[in-house]
Amino acid sequence: MVGPLRNILEKKGYKPIGACEIIMPINIFYIQDKKTNDLKIRKGLEKAEKYAEALIEGTTNWGRVPFFSDIMYLISIGGFKLSAIDMHQKYFKFKTDKSKCNNCGICINICPLNNIVLDKYPVTQNKCEYCMRCVSMCPRHAIKSILTYKGNTYSAVKVNDFVKNKTDSI
């Protein structure tokens, strides 16, 4: 995946200097126990810190395993194309539980695709890529998805920290 990702970033004007895979807990279909998720988060953050240090030192590279990278790229592209199909968006659209929602707007604020609009209550449009930010970070658990395991989600970042950091970087 890193080879094609590099091309996409360069076409958008970025100059990538390295790539590294960091495994974090999954947030769709099955949520592991808190201990397992916490361990993955801790290991992921440790790896990210080491990689950031390597970036600063200039000792990183843009690694690529040709066959594996190409297969993962095709699988990822297939998933993104599937999520863009209108029928898919219709049947897997997230719903807002109006009895829990207080119209705080956090879901609208954190959606990376600006896929949520306020129409009395938050409503998802048809360009969701199922990052699950809105579902996992809603402070009142008002956004529901049939893609979650028994309604459970996890979030490695607290919503207030995420929103603060997002506005700090703008």
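**Starting point.** I am working with a predicted model.

**Cysteines.** I looked for disulfides and found 0 in the structure. I then checked C131, which is in no disulfide: its nearest cysteine sulfur belongs to C111 and lies 6.1 Å away. Is C131 buried, exposed or something in between? I get 44% relative accessibility, so I noted C131 as partly exposed.

Next I turned to C134. Which cysteine sulfur is closest to the sulfur of C134? The one in C128 is, at 6.2 Å, and that is too far for a bond. I put C134 down as buried because its relative accessible area is 9%.

I moved on to strands β2, residues 116-119, and β3, residues 121-124. They run antiparallel, and I count 4 bridges joining them. One pairing I wrote down is D119 with Y121, its bridge partner in β3. What do β2 and β3 form together? They make a hairpin with 1 residue between the strands. I also looked at K120 in the turn, where phi is positive, at about 70 degrees.

**Surface patch.** I found a nonpolar patch of about 290 Å², made by I71, L74 and I75. I traced I71 to helix α3, which covers residues 66-84. How accessible is I71? Its relative accessibility comes to 33%, so I71 goes into my notes as partly exposed.

Conventions: Residues are numbered from 1 along each chain as its sequence is written. This is a predicted model: local features need pLDDT of at least 70, side-chain atom pairs count only at pLDDT 80 or more; totals for chains, interfaces and linings use all residues. Side-chain values use heavy atoms; hydrogens and water are left out. A disulfide is a pair of cysteine sulfur atoms within 2.5 Å. Buried means under 20% relative accessible area, exposed over 50%, partly exposed in between (1.4 Å probe, protein chains only). Two strands pair if DSSP finds at least two bridges between them. Helices (H or I, at least four residues) and strands (E, at least two) are DSSP runs, numbered from the N terminus. Patches are made of residues with over 30% relative accessible area and no salt bridge: like charges are joined within 9 Å, nonpolar side chains (Val, Leu, Ile, Met, Phe, Trp, Tyr) within 5 Å. Accessible areas come from the Shrake-Rupley method with a 1.4 Å probe; for residues, only the protein chains shown count as cover. A salt bridge is a side-chain nitrogen of Lys or Arg within 4 Å of a carboxyl oxygen of Asp or Glu.
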